[in-house]
2 protein chains.
Amino acid sequence: MKSHLDNSLIRQLKAIVGENGIFTDPGDCLPYGYDNSRLQATPEAVLFAVEHDQIAAITKLCHQQRIPLIPRGKGTGTTGATVPQQGGVVLSLERMNRILELDVDNRLVRVESGVTNRQLQEHVGAEGFFWPPDPTSAAVCTIGGNLAYNSAGPRAVKYGTPRENTLGLKAVTGSGDTITTGVRTTKGVVGYDLTRLLIGSEGTLAIITEAILKLTPKPQTKSTLQASYRDIHSAANAVSAIMRQPVTPCALEFMDGAALAMVREFSDLHLDSRVGALLMIEIDGAEHNIKQEAAKLAKAASVEGLLEIHTAETQQEIARLWKTRKALSPALRNIAPKKINEDVVVPVSRIPELIESLQNLSEESGITIVNFGHAGNGNIHVNLLLDPDDPQQLTAGEHCLKSLFDLVLNLGGTLSGEHGIGIVKRQFVDREIDSVSLDLMRAIKRQFDPHQILSPGVGFPVSET
Amino acid sequence: MKSHLDNSLIRQLKAIVGENGIFTDPGDCLPYGYDNSRLQATPEAVLFAVEHDQIAAITKLCHQQRIPLIPRGKGTGTTGATVPQQGGVVLSLERMNRILELDVDNRLVRVESGVTNRQLQEHVGAEGFFWPPDPTSAAVCTIGGNLAYNSAGPRAVKYGTPRENTLGLKAVTGSGDTITTGVRTTKGVVGYDLTRLLIGSEGTLAIITEAILKLTPKPQTKSTLQASYRDIHSAANAVSAIMRQPVTPCALEFMDGAALAMVREFSDLHLDSRVGALLMIEIDGAEHNIKQEAAKLAKAASVEGLLEIHTAETQQEIARLWKTRKALSPALRNIAPKKINEDVVVPVSRIPELIESLQNLSEESGITIVNFGHAGNGNIHVNLLLDPDDPQQLTAGEHCLKSLFDLVLNLGGTLSGEHGIGIVKRQFVDREIDSVSLDLMRAIKRQFDPHQILSPGVGFPVSET
């Protein structure tokens with residue numbers, strides 16, 4: 001690979017971030033060259049900024065010298081979007097971790113983008129608020145990363161994704177210019193919506209350095225229901241029925257038959273053998289009201305094919321109900337540590353067709369496919385249990401992936417609900433997005449990043465990036 | 001003004017829309033040349049499309065021939081965004097009024113953009129759903145217009161604006177190309193967010209022809225509270241207190257002292273003379289729960305300076321409480337039929353500073369300023385009661401406007417919460433948006449609309465459009 005840095009450039013970068021703000025030793029750089037995909041590439045240098053102006057200066061220099069510049073939070077992404085495949089410099093935002101302002105009267109918090117999701121939740125939680133996006137990696141992942149991928153999690157079914165929970169941004173474009181987007185208020189229509197354009201752009205348009213996040217007051221209490229069904233059809237009907245009535249759950253998660261089989265085999269939990277699909281339904285609200293709301297959800301969930309439904313209110317009972325779901329991930333990790341994990345989305349009513357077709361695909365290909373995820377959004381984590389180091393399995397897996405994506409698009413769905421495209425899915429993007437829109441997106445990219453230095457190769461089909 | 005159409009072009013346009021799809025007589029065209037601002041210009045022709053492909057063909061022709069093309073819903077905008085100041089053709093979407101699909105299982109509806117807000121609400125209401133955006137002009141205004149301006153209304157405080165309630169769009173760019181944006185699901189992160197980029201772009205990037213809207217199940221019931229306060233400080237403290245707790249009202253409207261004075265003088269309602277500010281608080285929810293929720297809101301609203309609080313549950317009581325608010329608009333219309341109506345936004349906690357400064361401004365300028373609006377969003381309708389045909393008053397009014405916008409920006413606010421920029425506010429845009437962002441917006445405009453035919457002059461500062 002072409003080298004982009006020479007001693008003079010390293011000196012200039014050092015002058016911006018200081019001696020302690022740069023790694024150039026490959027051993028030091030290595031841990032900043034991978035994420036939670038199977039991709040890896042050692043960056044030529046890793047930079048640690050502690051303030052916005054450093055990032056502007058770094059970007060300006062990289063723009064002038066045409067050095068690939070890859071912004072990175074904590075590397076919990078699953079698509080290789082922060083892997084420097086074309087070399088260049090990784091810019092770690094992890095030291096930009098100050099909470100700059102908490103304004104409870106106006107329900108907002110202003111943070112640097114390296115603040116972790118957990119750090120944020122703890123800080124605003126002390127004042128009775130939360131920020132709805134809750135990716136599984138919340139303990140580690142950064143707000144900047146959450147915004148870059150528009151990462152959500154179970155709560156999105158009630159509270160939306162980062163796009164619905166962010167008021168404004170401060171960012172550095174690919175030419176090193178500073179922009180501030182959006183507002184400090186919950187309404188604002190002056191100019192085009194650059195805030196949401198940056199959210200979900202995977203670091204390809206600008207480097208987000210600060211965000212003004214919209215906070216939500218914490219509900220008083222929670223209640224959890226576990227409903228088991230004969231088959232996926234019944235469970236999907238229950239999901240539609242739940243989403244048709246006014247009590248929106250704050251989580252509506254499901255596991256399919258293959259996932260339950262996995263738990264039966266690899267945990268000591270006793271699961272009724274008739275259960276073909278499981279829903280976990282969580283609601284939050286006021287203490288005086290939670291029982292009645294839970295009863296309403298239980299009623300909506302009671303469709304033909306329901307086998308059993310349990311409601312939990314105490315922490316202990318809730319933990320017991322979640323046991324089945326929590327037993328799944330270790331089971332999967334045991335069987336297929338390098339499994340392929342997709343996060344497709346289909347309209348809620350099409351979930352049964354998706355799952356059934358995946359069962360057929362599994363039988364045809366000989367690859368076990370396990371499905372679970374955020375049913376209320378139709379966001380299904382499809383897990384192909386295979387060993388990618390086995391070329392035969394890998395080929396079969398790639399065939400499965402293509403079939404999966406065809407299937408999802410035919411059902412009116414989308415290739416990704418929260419993981420994004422990154423590098424691993426870019427060859428499939430033009431199946432979903434029409435060529436006129438793709439050309440417009442490329443044109444927007446060129447305007448924000450004229451020398452195409454920011455996360456090059458990420459998000460677009462390979463041919464013309 | 002330069003004429004853009006000749007007989008040959010008119011023939012070509014007729015071939016696209018048919019004999020019944022075009023007006024060229026100035027008398028016929030006139031009613032399509034104004035909106036709810038004070039601006040007016042007669043279009044050279046008015047076209048009525050009934051399907052997407054006609055719009056693509058019209059736009060392609062206008063693009064080739066460089067004819068200004070102004071998409072228009074029902075002309076209820078307040079900023080002149082649909083007034084053809086540079087001549088050309090107005091494209092009325094009012095005949096594109098089909099509801100194409102209602103998918104209750106997936107909580108979505110697909111509509112043509114000429115469907116009116118009311119038509120939509122009635123259609124989906126029959127199935128137990130609603131679409132949250134509720135501009136005052138809901139009986140008349142179109143979904144396309146709501147999307148073009150990101151128009152909201154009182155319910156935005158709980159349910160958000162069109163940006164939070166739209167899944168995807170079909171649209172025609174300024175070069176006549178068709179794009180489909182977004183998804184049919186509540187999550188989706190493939191590609192840049194062109195959906196929200198188009199929403200609020202005031203018809204300058206593309207003509208929206210279809211929209212997939214996210215529906216919300218209708219709550220069982222509503223309750224309304226009216227709280228009167230000694231002064232605006234107490235009322236604003238109440239607003240902050242209400243927004244800090246988990247029961248979010250579905251409307252949180254306010255009237256300031258000047259508005260109340262107006263009602264006292266021009267209606268037969270008896271208002272306690274001590275009342276300096278009034279809040280109207282509405283909640284929706286389940287029947288079994290609404291009283292307790294109302295009690296919580298009443299408690300939150302009971303801050304120092306509260307004079308009285310009333311709760312209404314029956315339709316009759318609710319109507320009685322809204323009487324004061326509803327008496328305001330006729331009163332204003334009587335006094336100043338051509339008043340200037342702004343819709344600035346400030347952070348909720350800064351409302352008192354805004355109102356006080358406006359009182360000072362009113363005294364200095366001799367112009368009565370009356371304020372009311374969506375307090376929960378900090379979205380204040382500032383009404384300058386003046387006669388714009390009186391040059392002296394107009395000059396004083398323009399001075400007031402400038403001071404108002406300075407004030408709003410100093411308080412961390414934005415120039416518009418739902419009306420948009422259009423033509424009337426474009427000279428102020430660069431006070432709010434930095435020059436780098438403005439250049440990026442202009443570049444985006446050029447990509448979507450290379451010959452700058454769509455609503456030319458709208459939304460950007462005059463100098464460089």
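In chain B, four strands form an open sheet with mixed pairing, in the order β1-β2-β4-β3. β1 (22–23) and β3 (69–72) of chain B sit at the edges with a single partner strand each, so one side of each has no neighbour in the sheet. This is a predicted model, where local features need pLDDT of at least 70, side-chain atom pairs count only at pLDDT 80 or more, and totals for chains, interfaces and linings use all residues. Residues are numbered from 1 along each chain as its sequence is written, chains are lettered from A and ligands numbered from 1 in the order written, and side-chain values use heavy atoms, leaving out hydrogens and water.

**Sheet and helix, chain B**
- Strands here are DSSP runs of E, at least two residues, and helices are runs of H or I, at least four residues, numbered from the N terminus; two strands pair if DSSP finds at least two bridges between them.
- β2 (residues 45–48) and β4 (residues 89–92) of chain B run parallel, joined over four bridges.
- Ala45(B) has Val89(B) in β4(B) as its bridge partner.
- Helix α3 (residues 52–65) of chain B lies across β2, β3 and β4 of chain B, at about 155° to β3(B) (axes are lines fitted to C-alpha atoms, for helices over the stretch in contact, with angles from 0 to 180 degrees between N-to-C directions; contact means heavy atoms within 4.5 Å).

**How the copies relate**
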